[in-house]
Amino acid sequence: AAVGGARSDGTAPSHAASAAVSGDAGGGGSGHGYEVQLVLEYCDLGSLREALDLGVFIDDQGRNLNAILETAADIAKCMVHLHA
């Protein structure tokens, strides 16, 4: 449902990116810590923000229900995957 592929500066975004942050959760040096990892995947059709800005979810009759429902189902599938 989203569109696009290149960044506004003309460069192609990477296919995957990750970042990790770790530290002592208590701050007291107890040895117990936490680690947060973010894994981002490249969306070849662009971001949801870009789709909203381009009006992908609006058609001649108003709302493009097919695009809205397809995107909502994709988001729900992602959430199930992330929380499985």
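How many salt bridges does the structure hold? The structure, a predicted model in which local features need pLDDT of at least 70 and side-chain atom pairs count only at pLDDT 80 or more, while totals for chains, interfaces and linings use all residues, holds one salt bridge. Residues are numbered from 1 along each chain as its sequence is written, and side-chain values use heavy atoms, with hydrogens and water left out.

**Overall fold**
- The chain comprises two helices and four strands, where helices (H or I, at least four residues) and strands (E, at least two) are DSSP runs numbered from the N terminus.
- Along the sequence these elements follow the pattern β-β-α-β-β-α.
- Of the 84 residues in the chain, 8% are buried, with buried meaning under 20% relative accessible area, exposed over 50% and partly exposed in between (1.4 Å probe, protein chains only).

**Salt bridge**
- The side chains of aspartate 53 and arginine 49 meet at 3.1 Å, N to O, in a salt bridge, a term that requires a side-chain nitrogen of Lys or Arg within 4 Å of a carboxyl oxygen of Asp or Glu.
- Both aspartate 53 and arginine 49 belong to helix α1 (residues 48-54), where they are four residues apart, about one turn of the helix, and both are exposed.

**Nonpolar surface patch**
- Leu48, Leu52, Ile75, Met79 and Leu82 form a nonpolar patch with about 470 Å² of accessible area together; patch residues have over 30% relative accessible area and no salt bridge, with like charges joined within 9 Å and nonpolar side chains (Val, Leu, Ile, Met, Phe, Trp, Tyr) within 5 Å, and the areas come from the Shrake-Rupley method with a 1.4 Å probe, only the protein chains shown counting as cover for residues.
- Helices α1 and α2 (65-82) each supply at least two residues of this patch, and α2 gives the most, with three.
- Isoleucine 75 lies in helix α2 and counts as partly exposed because its relative accessibility is 41%.

**Largest pocket**
- The largest pocket is lined by 20 residues, of which Glu41, Cys43, Asp74, Ile75 and Cys78 lie nearest its centre; on a 1 Å grid over the protein atoms alone, a pocket is an open set of points with protein on both sides within 12 Å along at least five of seven lines, where a 1.4 Å probe fits, and lining residues have an atom within 4 Å of a point.
- Helix α2 gives the most to this lining, with six residues.
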